[in-house]
Amino acid sequence: MATYNGALFIEEQIRSILDQLTVDDELIISDDGSTDKTVQLINFFGDQRIRLVYSQGHKSPAQNFENALQHAQGAFIFLSDQDDIWYPDKVQTVLNSLINYDLVVTDCQIVDKDGKILHDSFFESRRSRRGFWRNLWKNSYMGCCMAFKREVLAYALPFPPQLYFHDWWIGLMVERQGTPYFLTQALIKYRRHGYNVTPTGETPQSYQWRVRFRNRFWLSWSVMKRSIALSQ
């Protein structure tokens, strides 16, 4: 989990995660200089499974997540936002699929700040499915819905310089190097409250087509460059 000024919802999210972890699991939280009560709320849990680490003032979600990933020790890694709610069967359901795949991305329900359902299926609204070129153009690799085997880090890290959308990068790298799977079961409540980092890359309303094209060109070039380096 990467955090930054997430005090409003973080308690509910952490509880929904801890309730389904074993004593041998860990919750790595990388905080990027929160100025609200985020860190105090994390420490209040006093749970030995929580490992709070600090980013170095990167002020970038991707770099904050990269810091968290560099501290992770588990065989299976789940990404989490600071303001969602995991369903009680999320971890075990995803682990069952990770036996056969390198990365699993699940569906989710989209809810408002009060938890009221706005849309029952992100996959349905996005017409989500696997495919490199499809997800390069219209990304469905949303980090809060993703989990993957530790082996993915061997080719996904380090992140390219100036990377902003870590989940998009990881998803595309697994499309090229591994086996992704889209699990159509909604396993989290994905909260939209007006302060979120934009999901799934850009949106047409907020980015000019030139910026969107440039982002996709840079991402595809970076993925191909990394793939070539890995093959040598």
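## Salt bridges

Lysine 113 and aspartate 114 form a salt bridge in which the closest N and O atoms are 3.3 Å apart. Lysine 113 is partly exposed at 47% relative accessibility, and aspartate 114 is exposed at 61%. The model is predicted, and the count of salt bridges in it comes to five.

Two further pairs involve helix H1. Arginine 15 and glutamate 11 meet through their side chains in a salt bridge of 3.9 Å, N to O; both lie in helix H1, four residues apart, or about one turn of the helix. Arginine 15 is partly exposed, with a relative accessibility of 41%, and glutamate 11 is partly exposed at 29%. Glutamate 12 forms a salt bridge with arginine 191 at 2.9 Å, N to O. Because glutamate 12 lies in helix H1 and arginine 191 in strand S9 (residues 180-191), this pair ties together parts that are 179 residues apart in sequence. Glutamate 12 is partly exposed, at 41% relative accessible area, whereas arginine 191 is buried at 3% relative accessibility.

## Backbone geometry

Most residues other than glycine have a negative phi, and most peptide bonds are trans. Asparagine 5, although not a glycine, has a positive phi of about 50 degrees. Asparagine 5 is placed in the loop between strand S1 (2-3) and helix H1 (10-18) and is partly exposed, with a relative accessible area of 31%.

The loop between H7 and H8 contains glutamine 162, a non-glycine residue with a positive phi of about 65 degrees. Glutamine 162 is exposed, at 72% relative accessibility. Proline 158 is also found in the loop between helix H7 (153-156) and helix H8 (166-177); a cis peptide bond joins leucine 157 to proline 158, with omega about -5 degrees.

Note on methods. Residues are numbered from 1 along each chain as its sequence is written. This is a predicted model: local features need pLDDT of at least 70, side-chain atom pairs count only at pLDDT 80 or more; totals for chains, interfaces and linings use all residues. Side-chain values use heavy atoms; hydrogens and water are left out. Helices (H or I, at least four residues) and strands (E, at least two) are DSSP runs, numbered from the N terminus. Buried means under 20% relative accessible area, exposed over 50%, partly exposed in between (1.4 Å probe, protein chains only). A salt bridge is a side-chain nitrogen of Lys or Arg within 4 Å of a carboxyl oxygen of Asp or Glu.
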